[in-house]
Amino acid sequence: MKGILARVIPLFNVTSEQGYCAGIISWFIESIVLNPSVLFSEFVSYEEMDEQHLKVTISYQGISGTGILTLNEKGEITEFYSDERQTGKVDGEERLIGWRCECSNYEYIQSIRYPKEIKAIKVYPDKEIVYFDADQISVSYRNNFLK
C-alpha cells in the first residue's frame, strides 16, 4: 500500500503481504463511497451473519482481507470494520489493530444513495483515534458519452 500526499510527497510504501491486504480493504470501502457497483465485484464475496451484518472477503492475486459490513434498516452501509487493515505499535510491538469506517447522512444522487459523512477510525485496545472526518461529501459524474 502506497501513500502520497498531493501527488508529490511520499508518506509510506508498504510492500508486504499485510500492506497489500490493507490496500485491498481500503480499495473496497473507498470504492463504495465513490462507485457503489464495487459491491458486485468479482473480487468481493459475502457471508450473511444476521439481518444487519455481512462478513466481507476481498480477494485479489492470492491476497485476501476480511471485514464486517453493518447495514441499517434502510439497507445503507453504516460501518465497515476490519482488524486486518493495518498494524501499529501496541505495548512496544508491531501488531494488527482495528480499523473502522463509519458512513452516515445518506443522500440520493442520480438515483443512488451516497453517504455525505464519513469517518475513518483506528481502533487500539485502549483508545480510538479518528484520523479522517468528512462531512458534506459531494459526488458528481459527467456523462460524456451522451453528447
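Predicted model: local features only at pLDDT ≥ 70, side-chain atom pairs only at ≥ 80, totals over all residues.
Trainee: Where do Phe43 and Tyr60 sit in the chain?

Mentor: Phe43 is in the loop between helix 1 (17–34) and strand 3 (44–50), while Tyr60 is in strand 4 (residues 53–60). The two are 17 residues apart, and the pair links distant parts of the chain.

Trainee: Is Phe43 buried, partly exposed or exposed, and why?

Mentor: Partly exposed, because its relative accessible area is 30%, which falls between the 20% limit for buried and the 50% limit for exposed. Tyr60 also counts as partly exposed, because its relative accessibility is 35%.

Trainee: Why does the pair of Phe80 and Trp99 count as edge-to-face?

Mentor: The planes of Phe80 and Trp99 are at 70°, and planes over 60 degrees apart count as edge-to-face. The ring centres are 6.5 Å apart.

Trainee: And which strands are those two in?

Mentor: Phe80 lies in strand 6 (residues 77–90) and Trp99 in strand 7 (residues 93–109). They are 19 residues apart in sequence, so the pair ties together those two parts.

Trainee: Are Phe80 and Trp99 buried or exposed?

Mentor: Both are buried. Phe80 and Trp99 also form one aromatic cluster with Phe28.

Trainee: Core next. Which residues have the most contacts inside the largest nonpolar core?

Mentor: Phe28, Val56, Ile58, Phe80 and Trp99, in a core of 27 residues. At least two core residues come from each of helix 1, strand 4, strand 5 (63–71), strand 6, strand 7 and strand 8. Helix 1 gives the largest share, seven residues.

Trainee: What is Ile58 in contact with, leaving aside neighbours within four places in sequence?

Mentor: Its contacts are Ile24, Ile25, Trp27, Phe28, Phe43, Val44, Ile63, Ser64 and Gly65.

Trainee: Switching to strands. How many bridges join strand 7 to strand 8?

Mentor: Eleven, with the strands running antiparallel; strand 8 covers residues 112–123. As an example, Gly98 has Val123 in strand 8 as its bridge partner.

Trainee: What does Gln110 do in the hairpin of strand 7 and strand 8?

Mentor: Gln110 takes a positive phi near 50°. That hairpin has two residues between the strands.

Trainee: How do strand 8 and strand 9 pair?

Mentor: In the antiparallel sense, over six bridges, with strand 9 at residues 128–134. Ile121 has Val130 in strand 9 as its bridge partner. A hairpin of four residues joins the two strands.

Trainee: Which rings have a lysine over them?

Mentor: Tyr131 has the charged end of Lys122 over its ring, 5.3 Å from the centre. Tyr124 has Lys127 over its face, at 5.7 Å from the ring centre.

Trainee: Last one, Lys116. Where is it, and is it buried or exposed?

Mentor: Lys116 is in strand 8. It counts as buried, because its relative accessibility is 9% and the limit is 20%.

Trainee: What does Lys116 touch, not counting residues up to four places away?

Mentor: Lys116 touches Ser104, Asn105, Glu107, Ala134, Asp135, Gln136, Ile137 and Ser138.

Note on methods
Residues numbered from 1 in each chain as written. Heavy atoms only, no water. Buried < 20%, exposed > 50% of the residue type's maximum accessible area, 1.4 Å probe, protein only. Phe/Tyr/Trp six-rings, centres within 6.5 Å; stacked < 30°, edge-to-face > 60°. Lys NZ or Arg CZ within 6 Å of the ring centre and 35° of its normal. Pairing = 2+ DSSP bridges. Core = buried A, V, L, I, M, F, W, Y, C linked by side-chain atoms within 4.5 Å. Contact = heavy atoms within 4.5 Å.
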